[in-house]
Each structure stands twice: as C-alpha cells, then as structure tokens.
Amino acid sequence: MVHIKRLQESGSDIIAVIGEIDASSSIELDLAIAKSVGEGFKKILVDCNALEYISSAGLGVFMSYIEEFRDKNIQMVLYGLKEKVANTFEILGLADLLHIRENKSEALKLANELSV
Amino acid sequence: MNYRYNIGCSLSNLKGIREFVRNVLNENHVPELQVSAIVLALDEMCSNLMIHGHHCNPEHIIELHIDHPGGSAFIFEIIDNGSMFDITKFSEPDMESLVQDKRKGGLGIRLVKSIMDKIEYTTEGGKNICRLTKLV
C-alpha cells in the first residue's frame, strides 16, 4: 500500500511517497506525477523519506517520464531515500538517469540550478 | 530448513510474499541489505509470473518454496502450472532504449539477474519450476 501527498513550496511541487510501491500500487505514483505535470509544474520534488520499498514497477514510472521531462524542461529531483531503497536504484544504475539528493534543501537547490 | 507459501495470482498478494520471504531470511540472520535485495527479486519474479503467466487470475495458485540446506545457499522455487514465463529467454533492454520507449517494464528482469546467483527452469509432472539460488 502506498499513500501519496502533494504540497507546494517555493514554486515546486513536492510529492511525498509513503509506504511501498509495487506492481499493484505503482499506478498511484504515476497518477500523482501526471497530475503535477498536468498542472504545469516545472520543478517536481519526490520526497522518499517514508518510502519503505520500491520494485521495478515504481522505478519504471520514473523512467517513463524522463523523455517527457526533457522535452518540457521539467526538473524532477528525488530526495530522502533510505539505504535499502537507494540500493535498488543503484543495482540498475538509475542514479545516472535520475537526479537524487540527500534532503529537501539540496533537492530544491538542484532543481533551481537545473531550471536556469 | 524448508518453508512453503501458496498464493493466488493477484498483485495485492505481493505484499504477503515479501513478508514471507523477509521473515524467513530474518530468521536465518541474513544481513538486512541482502534481505531487501532478495525480497525485491522474489517480488519481481512473482509479479512477472502473475501478470504474464496467469493474467492476474486470483484462482490460479503459485507455490513458493524456500530451502536453506545450510552453508550460504538459499534456494527459492516458484512453482506453477501456467504457461512458462522464462526470464532467461528475455534479453534486458539497455537503459537508454527504456527511456526512449517510455516502457514501464524490462527493469525487473535486470534486477533479478543482478541479484540472484543462478536462475534455472525445469518442468516436473506438468509443473513449471523456476529455481533461484542466492549465496549470502
């Protein structure tokens, strides 16, 4: 089960992902990102502090937006990943394709730098 | 040590599979980061099989066996009688083509192959057995 909360801060949309994302719940993440894009946000931060688990279904959601974000000049930065979750990204080498930072202020800073 | 778990092919049962695998590995004092990786690999295998082999029909049952014969080896067997979904026959797409195709699949197979030490398929008495070996 996953629970997703969105809030806005300094012009960024922050999507907080709480719980576990697997093949049964990845659609929730997809819908939240689609909504953020639909509302025109150019900076999307994904708060992973309470993300306990992610399988390839969830990683695939992030991957599926990379191209669209390049085209629309949208910056997405993930932050607050627990070690076990970060490990899943590392096994696939996703750290090179996605922007990942330690905490919110670093994520915000990177999103601002990339937006220039 | 031998553990068994039977599950209907519904994606809502993946959580139960993860808990079963995690409990067995914790009981056998496997380090936490390895537990997380193995749990992930089993989730990927079972969700693939539920989706591609059984179209998520909850009436279809798959069996999960975990055997720890001693030493460092853990053997995971996923047994079903649907159409065989053999991941060793799929080549993993490279990451850039996954990005370009906006594909949401293909990553799971890559994960399982990186995490597990051995992946074998056999059929016995009309049942498919996928055997994954992990040395911890």
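## The sheet of chain B

D80(B) has N128(B), in strand 5 of chain B, as its bridge partner.

This is a predicted model, in which local features need pLDDT of at least 70 and side-chain atom pairs count only at pLDDT 80 or more, while totals for chains, interfaces and linings use all residues. Residues are numbered from 1 along each chain as its sequence is written, and chains are lettered from A in the order in which they are written.

Five strands of chain B form an open antiparallel sheet in the order 1-2-3-5-4. Strand 1 (2-8) and strand 4 (118-124) of chain B stand at the edges with a single partner strand each, so one side of each has no neighbour in the sheet. On average, neighbouring strands are turned by 20° against each other, direction ignored.

## Where chain A meets chain B

Across the interface, 22 residues of chain A are in contact with 24 residues of chain B (C-beta atoms, placed from the backbone, within 7 Å). Helix 2 (56-72) and helix 3 (83-91) of chain A each supply at least two residues of the side that touches chain B. Helix 2 of chain A gives the most, with nine residues.

Definitions and conventions: Contact = placed C-beta atoms within 7 Å. Helix = DSSP H or I, 4+ residues; strand = E, 2+ residues; numbered from the N terminus. Pairing = 2+ DSSP bridges. Axes fitted to C-alpha atoms, helices over the stretch in contact; angles between N-to-C directions.
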